[in-house]
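I set out here what I looked up in this structure, entry by entry.

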Amino acid sequence: MAGGGGKSFLAEAGYGEQELDANSALMELDKGLRSGKLGEQCEAVVRFPRLFQKYPFPILINSAFLKLADVFRVGNNFLRLCVLKVTQQSEKHLEKILNVDEFVKRVFSVIHSNDPVARAITLRMLGSMASIIPERKNAHHSIRQSLDSHDNVEVEAAIFAAANFSAQSKDFAAGICNKISEMIQGLATPVDLKLKLIPILQHMHHDASLASSSRQLLQQLVTSYPSTKMVIVTLHTFTLLAASSLVDIPKQVQLLLQYLKNDPRKAVKRLAIQDLKLLANKTPHTWTRENIQALCESALHTPYDSLKLGMLSVLSTLSGTIAIKQYFSSAPGTASTTARSFDLVKLAQECCYHNNRGIAAHGVRILTNISASCQEKDLLPLEQDAVFGLESLLVLCSQDGSPGAQATLKITLTCMVKLVKSRPHLSQSVVESLLTQLHSAQDAARILMCHCLAAIAMQLTVLADGMLGDLMDLYKVIGRSATDKKQELLVSLATVIFVSSQKALSSEIKTVIKQQLENTSNGWTAYRIARQASRMGNHDMARELYQSLLTQVASEHFYFWLNSLKEFSHAEQCLTGLQEDNYSSALSCIAEALKSYHKGIASLTAASTPLNPLSFQCGFVKLRIDLLQAFSQLICTCNSLKTSPPPAIATTIAMTSGNDLQRCGRISNQMKLSMEEFRNLAARYGDLYQSSFDADSATLRNVELQQQSCLLISHAIEALILDPESANFQEYTSNGTAPVESEYERRMMSVFNRVLEEVESLNRKYAPVSYLHTACLCSAVIALLKVPLSFQRYFFQKLQSTSIKLALSPSPRNPAEPIAVQNNQQLALKVEGVVQHGSKPGLFRKIQSVCLNVSSVLQSKSGQDYKIPIDNMSNEMEQRVEPHNDYFSTQFLLNFVILGTHNITVESSVIDSNGIVWKTGPKTTIFVKSLEDPYSQQVRLQQQQGQPSSQQQQQRTAYSRF
C-alpha cells in the first residue's frame with residue numbers, strides 16, 4: 001500500500017498528476033512503517049528524504065522524525081541502518097525538529113542494548129545528530145565509554161561520533177582531547193585504530209590552548225611514528241587543524257616544504273604537495289617570498305614529472321593571487337636583477353615546452369598570470385614568452401582528441417583570453433594563430449577554439465573582414481557530416497561569425513549558413529544558431545531561422561514561443577531601416593516594429609504555462625513596446641513645433657507666468673509629459689532588474705543599458721528645453737573604469753557619449769526652444785534605435801533557479817476565511833520560509849539574508865467609529881533573517897484595534913552577499929477579522945439599554961479584580 005501511495009511524490013511532478021498534500025503523504029508512509037513485512041517497512045523508511053525535500057516545513061519534519069525514531073527504537077538492525085542513512089541524507093532538516101528531547105530519548109534508549117552492532121548504529125546516529133544536540137552530556141558519556149569497548153565495530157562508530165561532536169562542541173573537544181591522546185600513544189592500541197583516531201584532532205580548534213596542545217601532540221607523532229601511513233595521516237590532520245585555527249598556517253607551510261624537500265618517500269611528497277595546494281587556495285596572502293622560492297627550487301631539482309606537475313600546480317594557483325606580487329616586490333636588489341633571473345620565471349620558461357602536457361600548461365599559466373598581474377617594465381619580455389608557449393601548446397593539443405589533451409587545451413585557451421584582456425596589443429597574433437590551427441584541429445578542439453575566438457572578439461574588435469573568408473570556408477567543409485560534434489561545431493562557428501560581423505551579415509554569409517543547416521542539421525542546432533543571432537543583434541538571420549522552425553515543433557507552447565521570437569526579430573529588423581534626418585520614415589519604422597511587437601507579445605503570452613510563466617520575457621518585451629511608443633511620441637512632440645506653432649497670445653502668457661518656455665505653446669506641456677514618461681520607464685526597468693535575481697551579468701547589464709537610455713533622453717529633454725539652467729552633466733559622464741563586455745554595450749556607450757556631447761554643446765543656446773533642440777532629441781532617439789537590440793541569455797535560458805516558499809501560522813483552513821482576533825489582543829504571526837534551488841545553486845549570486853515585510857490594511861469596518869490614534873490604524877513591519885540550511889523563521893506582533901476585516905500581506909525579498917536587495921517575492925495574503933472583546937461588548941450593550949451607571953461601575957471593579 002505504501003508503494004502505491006508513495007508513487008506520486010517519488011515521481012517528478014508532471015502534467016495532470018494528482019499531488020498528495022503533506023498529511024496524506026505522511027499517512028501513506030506511516031502505513032508502510034506499521035506494516036508486518038520488513039520489505040515494506042524499509043521501503044517506507046527510504047522514501048522519507050523525498051518527502052522532506054517536497055514538504056520542508058517543521059510541522060511535517062518533526063512528526064516524520066518522531067515516527068522514524070520509533071522505528072529505530074523497536075526495529076531490527078537493518079531498519080536502524082536505514083533510519084541512520086535517512087538521517088544522514090536529511091542532515092539539513094534536523095534543526096527543524098521541534099521535540100528534540102523526545103526524538104533523542106527514543107533513539108538513545110537503544111544504547112543500553114546488549115547487541116554491540118545496535119549500540120554502534122546508535123552511536124553513528126548520535127554523531128549524525130551532533131549539530132542539534134552538541135552539549136548532551138549523556139551522549140558525550142556514551143561515546144567516551146564506547147571508545148573503551150572490545151568490539152571493533154562499536155569503537156569505530158564511537159570514533160565517528162567523537163569526530164562529529166568535537167566539530168560542534170567546545171566542551172566535548174576539550175574533554176576528549178586527553179583521552180584521544182592517551183589512546184594514540186598507548187601501546188595497546190592497534191596501528192589501524194590509531195590511524196582512525198588521529199583525524200579527530202583536526203577539530204580541536206575551538207580555542208588557542210586546545211589547538212596548541214593538539215599541534216604539540218601531532219608534532220610528537222610525526223617524529224615518533226615515521227612509517228609512511230602514520231606520517232601521511234598526521235601531516236594531513238596537521239594541515240586541516242592549521243587551516244581551521246589560521247594562526248599556524250605559516251609554520252605549517254614551512255613544515256610541509258621541509259617534508260617535500262627532505263623526505264625521500266614519493267607518497268609523503270605527494271601528500272605535502274596536496275596540502276600545500278589546499279593552503280595556497282585558502283590563504284595565499286600568508287605565503288612569503290622564501291616559501292615560493294623554496295617550492296621553485298624543489299620543482300627545479302626534482303627528477304620526477306609527477307611531483308613536478310604537483311608543485312607547478314601549487315605555483316600556478318599562487319601565481320593568480322596576491323602572492324605573486326609579494327614575490328616580485330620583496331625581492332632583494334630588484335633593480336639590478338632582470339625578470340628572467342627569478343627562479344619562478346626560469347622554472348616557468350623551462351616547463352613551457354616540456355614533453356608532459358600538464359607541466360607545460362602550468363608553466364604557461366604561470367607566465368600568463370605574471371604578465372597579466374605584474375605590469376612592471378622589466379617583466380614585459382615575459383609576455384612574448386607566454387604567447388610562444390601558448391601557441392606551441394595550442395598546436396600540440398588541437399591535433400589530439402584524448403580527454404587529457406582537451407583539458408590542457410581548455411587551460412591554454414583560458415590563458416589566451418586572460419592575456420589578451422590584460423594586454424590588448426597581443427590580440428592580433430593570438431587570433432591569427434587560432435584561425436590557422438582551426439583548419440587542421442580535431443572537432444572537439446575546434447569547438448573550444450571557437451568559444452575562445454568568440455570570447456576575445458566580444459571584448460576587442462580583432463576579427464577583421466578578411467578573416468571571415470577563412471571562417472566561411474571552414475563552415476562549408478564542416479557541414480558535410482552530421483555527427484553530434486559537427487552540430488556543436490556549427491553552432492560555435494556561427495557564433496564567431498555573428499560576433500565578428502555584428503554590423504550586418506552579408507546575403508552571401510546568410511545563404512551559406514542556411515544551406516548548411518538545410519543539408520545536415522537538426523532543428524535544435526538551427527534554434528541554437530538563431531538564438532545566438534538574436535543575442536548578437538543579427539535579427540534578419542534570426543527571423544528566417546525561427547520561421548523555418550515553426551512547423552518542426554511538437555507542442556503549441558513551443559510553436560507560440562518560436563512565433564513570438566520570429567515577430568520580435570522582425571520588429572527589430574524594421575528598426576534597422578532608420579535614417580538619420582528622415583523623421584517621418586522613422587515614425588513609420590517604429591509603427592511597423594510596434595505592430596510586430598504586439599503580435600509577438602500575444603504569442604508569448606500564449607506560450608507561457610503555470611510551470612513556466614515567462615515573467616521576465618513578458619516584462620522585458622512590454623517595456624520595449626512602451627519605450628518604442630515613448631520614442632514615437634517624442635518625435636511627434638518635436639514635430640509639433642513645426643505643425644502646431646504657438647498662438648498669438650503665447651508671448652503675453654509667458655510674460656505673465658514668468659515662464660519663458662510658454663512662448664513656444666503646447667510643446668512645453670508635451671515635453672514635460674514626455675520627460676515624466678521616460679523617467680517612469682527607467683523606474684520600471686529598475687524594477688525588472690531588481691526582480692531578476694537569477695539572471696546572468698550580461699542580461700542585467702543589458703537591462704541597465706535600457707534604463708540608462710531612458711534616463712539619458714529624460715535628461716536631454718530637461719537640459720535642452722525644460723530647465724537648461726540647472727542641468728548637470730557631471731553625473732552623466734561615464735568614468736570609463738568598467739571594462740566593456742560586449743559589442744552591443746560598446747555601441748550603446750558610444751551613442752550615449754555622442755548624445756551627451758551634442759546636448760552639452762546646445763545647452764543654454766537659442767532659448768527657449770529652437771529647431772536645433774528638437775533635431776538633437778530626434779537624432780538621439782534614432783541613434784539609440786539604430787543599435788540592434790541584443791536578446792541576452794536569460795531571455796532564452798535560466799542557468800540558476802532560486803525561489804522562496806512561505807508558510808504563515810496561524811493560517812485558515814479555507815484561504816478566503818478570516819482568522820478571528822479580539823481587538824484588545826495582539827496577533828503573533830509566525831512566518832516560516834524555505835529557499836529552493838535548481839541544479840546550480842549560487843551560480844551568479846547567493847542569498848545572504850531574506851527581508852520580510854508585513855503590512856496590514858483595513859478592508860471593511862464593522863461597528864461604530866471610535867477616535868483611535870493613527871499609530872493603531874495599520875501595521876507596517878520589516879525584519880531581516882538569515883536562512884540556515886535554506887530555512888528561516890521569524891515572528892511579528894500585530895495590533896488590530898479597529899473592528900472589521902483586515903488584509904495582511906507578507907512580502908519577501910532577498911539580499912545577496914554584496915548587500916543588494918532583490919525583489920524576488922513571493923507575496924502571501926491572509927485575512928483577519930478583528931472582533932470586539934466580550935467585556936467592551938457587554939458594557940456597550942448596557943449603555944445602549946440605558947442601565948444605571950452604578951451597576952456598570954460595580955461590574956467594572958469586579959472585572960478588574962480578576
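Predicted model: local features only at pLDDT ≥ 70, side-chain atom pairs only at ≥ 80, totals over all residues.

Entry 1: I then listed the residues that make the contact. From α24 they are Val430, Val431, Leu434, Leu435, Gln437 and Leu438. From α25 they are Arg446, Met449, Cys450, Cys452, Leu453 and Ile456. By class, the residues of this contact divide into 10 nonpolar, 1 polar and 1 charged.

I next looked up the geometry of the pair. Helix α24 covers residues 427–438 and helix α25 covers residues 443–459. The two pack at an angle of about 155°, and their axes are 10 Å apart.

**Entry 2: a cavity.** I asked how many cavities of 30 Å³ or more the structure holds. The count is 4. I took up the second largest cavity, for which I noted a volume of about 70 Å³.

Which residues line the second largest cavity? I wrote down Arg624, Leu627, Phe631, Gln706, Ser709, Tyr744, Met748, Leu784, Leu785, Val787 and Leu789. By class, this lining divides into 8 nonpolar, 2 polar and 1 charged.

I then traced the lining back to the helices. Four of them, α33 (615–643), α36 (697–722), α37 (743–762) and α38 (771–786), each supply at least two residues of the lining. The largest share, 3 residues, comes from α33.

**Entry 3: cis peptide bonds.** I looked up the bond from Ser809 to Pro810 and found it cis, with omega near 0°. I placed Pro810 in the loop between β1 (802–809) and β2 (819–822).

I also recorded a cis peptide bond that joins Gly921 and Pro922, where omega is about 0°. Pro922 lies in the loop between β8 (917–918) and β9 (923–931).

**Entry 4: a positive phi.** My last item was Leu246. Its phi is near 70°, which is a positive value in a residue other than glycine. Where does Leu246 lie? I located Leu246 in the loop between α14 (228–245) and α15 (249–262).

Terms used. Residues numbered from 1 in each chain as written. Heavy atoms only, no water. 1 Å grid on protein atoms, 1.4 Å probe; cavity = no way out; pocket = protein on both sides within 12 Å on 5 of 7 lines; lining within 4 Å. Points joined across faces, edges and corners; volume = space filled by probe spheres on them. Helix = DSSP H or I, 4+ residues; strand = E, 2+ residues; numbered from the N terminus. Nonpolar A, V, L, I, M, F, W, Y, C, P; charged D, E, K, R; others polar. Axes fitted to C-alpha atoms, helices over the stretch in contact; angles between N-to-C directions. Contact = heavy atoms within 4.5 Å.
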